[in-house]
Amino acid sequence: MKEWKVGGFRGIEREGPQPEQGPDFLTREATEPAWRFHHTLDAYQETPLASLRHRAEAWGLRGLLVKDESPRFGLNAFKGLGGIYALTRAICQELGLEEVSFSALCSDLYREKLSHMVFVTATDGNHGKGVAWAAAQLGCEAHVYLPVGSVPARAKAIADAGAVEAKILELSYDDTVRYAAQMAEEKGWTLVQDTSWPGYEDIPRWIVQGYTTMAREAAEQLEAQGYQRPTHVFLQAGVGAMAGGVLGYLLHRYREDPPVFVVVEPEVIPCIYQSARMGDGQPHPVEETGSTIMAGLNCGEPCGITWPVLRDFARWYTACPDDVSREGMRLLGLPLEGDPVVVSGESGGVTAGLLGRIMTREDCRDLRTAMGLDRQSVVLLFSTEGDTDPASYQEIVGKDKPLVDK
């Protein structure tokens with residue numbers, strides 16, 4: 001591993017060849033059931049892929065595409081894709097059912113049985129809202145716990161989505177996960193967590209497979225816009241469930257010529273970065289943590305089922321200060337004339353901010369060359385959330401806030 005610091009952020013380039021075989025549970029065949037299930041939802045509608053043509057030209061890129069997840073299911077984030085698919089699979093497993101449509105589960109045939117099912121999760125906001133929404137759609141009960149420092153607006157949004165309990169605890173995110181797991185064991189509830197550990201892998205795997213619908217949509221929309229494939233994909237990571245799921249799916253889709261994958265994390269709690277830096281192939285928690293505005297990425301322990309994907313197939317790992325996220329939010333929310341507006345929250349905008357630094361700063365010239373970012377590059381970003389903290393968004397992207405690069 002080669003570690004460096006330029007442009008105000010840290011990075012590592014993974015060296016050595018990739019394995020020949022990608023993860024089996026993220027092939028097109030393995031993720032097809034999630035794709036089919038999502039299409040049975042009345043609320044399903046693909047989210048837009050914004051083409052920032054003028055920004056791409058200004059930065060010397062062939063294309064810059066941003067998957068805007070703010071309209072997803074009316075939840076202002078992508079997480080409902082994983083939550084509702086995992087809940088449905090868990091319900092089917094409990095009731096001894098094969099693959100079933102959403103409308104069938106909502107029928108009178110199952111309503112009584114579902115009303116007695118209780119789900120629990122820990123969240124920084126978006127995942128819990130997705131689980132609460134999914135449970136409410138199915139007539140189930142959901143309890144959601146948030147870590148210390150969570151803004152009350154996130155807890156309220158979870159309660160509004162249908163949770164019977166949305167409670168902020170005086171615990172770190174990872175300890176909140178352990179608390180939710182303890183409550184599940186004590187009360188006989190079903191834990192729906194987007195991270196995994198030995199003995200708890202089925203539900204996280206279903207959640208990750210649910211996220212791949214977003215990646216498949218993006219790939220098909222990108223091709224419809226005339227691009228054969230993305231050359232680079234920047235993926236933000238908390239525990240790494242979304243990043244690993246999207247990477248694994250796209251790796252299989254473009255297996256003959258895969259993109260360059262870049263993992264992006266907050267500098268104060270970069271568990272994927274730290275694990276890659278250790279170089280022993282094992283996932284490692286971050287021992288010392290700090291606060292970050294990127295609440296959805298504020299996670300100290302990697303997801304066990306997606307860490308091998310990120311370890312073996314990501315090329316670059318980066319750890320960014322909060323200012324990178326703020327810059328990305330402004331770049332997307334106050335675009336160049338002629339480009340569409342993308343309302344992106346703190347966790348959604350960090351990849352745009354990082355790309356902006358890499359493409360515009362003189363001290364990043366060598367990094368641009370090493371990454372192969374040039375006029376042949378087609379870069380795909382995922383804005384995973386909208387303005388989930390409206391007050392913070394207004395403070396950062398208010399109309400009186402100038403862009404960092406004119």
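Colleague: Two strands pair if DSSP finds at least two bridges between them. How many bridges join strand S9 to strand S10?

Modeller: There are 5 bridges between S9 (residues 232-236) and S10 (residues 260-266), and the two run parallel. One bridge puts Gln236 together with Val264 in S10. The strand and helix names come from DSSP runs numbered from the N terminus: helices are H or I with at least four residues, strands are E with at least two.

Colleague: Before we go on, what kind of model is this?

Modeller: This is a predicted model, where local features need pLDDT of at least 70 and side-chain atom pairs count only at pLDDT 80 or more, while totals for chains, interfaces and linings use all residues. Residues are numbered from 1 along each chain as its sequence is written, and side-chain values use heavy atoms, leaving out hydrogens and water.

Colleague: What pLDDT does the chain average?

Modeller: The average is 93, and 98% of the residues score at least 70. For reference, pLDDT is the predictor's confidence in each residue, on a scale from 0 to 100.

Colleague: Where does pLDDT stay under 50?

Modeller: Over residues 402-406, and there the model has 11 contacts beyond four places in sequence. A contact means heavy atoms within 4.5 Å.

Colleague: Back to the sheet. In what order do the 8 strands come?

Modeller: The order is S1-S2-S11-S10-S9-S12-S4-S3, in an open sheet with mixed pairing. S1 (2-6) and S3 (49-51) are at the edges with a single partner strand each, so one side of each has no neighbour in the sheet. On average, neighbouring strands are turned by 20° against each other, direction ignored. Axes here are lines fitted to C-alpha atoms, for helices over the stretch in contact, and angles run from 0 to 180 degrees between N-to-C directions.

Colleague: And S10, is it largely enclosed or left open?

Modeller: Largely enclosed by the rest of the structure, because 6 of its 7 residues are buried. Buried means under 20% relative accessible area, exposed over 50%, and partly exposed in between, using a 1.4 Å probe and protein chains only. To get from S9 to S10 the chain passes through helix H10 (residues 241-253), in a right-handed β-α-β crossover. Right-handed means that, with the strands pointing away from the viewer, the path from the first strand over the helix to the second runs clockwise.

Colleague: How does S10 run relative to S11?

Modeller: Parallel, with 5 bridges joining the two. Val262 stands opposite Trp316 in S11.

Colleague: Which helix lies across S9 and S10?

Modeller: Helix H14 (residues 346-360), which also lies across S2, S4, S11 and S12, and runs at about 135° to S9.

Colleague: What about the largest nonpolar core? Which residues touch the most other members?

Modeller: Leu235, Leu247 and Leu250, out of 101 residues in that core. Helix H9 (residues 202-224) supplies the largest share, 10 residues. Another core of 32 residues lies apart from it, with Ala50, Val350, Leu373 and Val379 among them. By nonpolar core I mean a set of buried Ala, Val, Leu, Ile, Met, Phe, Trp, Tyr and Cys residues joined through side-chain atoms within 4.5 Å.

Colleague: What does Leu247 touch?

Modeller: Leaving aside residues up to four places away in sequence, Leu247 touches Leu235, Phe261, Val309, Leu310, Phe313 and Ala314.

Colleague: Switching to helix H11: which of its residues are buried?

Modeller: In H11 (residues 271-278) they are Cys271, Ile272, Tyr273, Ser275 and Ala276. Those buried residues pack against S1, S2, S10, helix H12 (307-313) and S11. Gly279 follows H11, with a positive phi near 75°.

Colleague: Which residue other than glycine has a positive phi of about 55°?

Modeller: That is Phe73, in the loop between S4 and helix H3 (80-95). Phe73 is buried at 11% relative accessible area. Asn76 also has a positive phi, near 70°. Asn76 is found in the loop between S4 and H3 and is buried at 18%.

Colleague: Last one. Where does Arg361 lie?

Modeller: In the loop between H14 and helix H15 (365-371). Arg361 counts as partly exposed, at 33% relative accessibility. Not counting residues up to four places away in sequence, Arg361 touches Gly7, Gly8 and Arg368.
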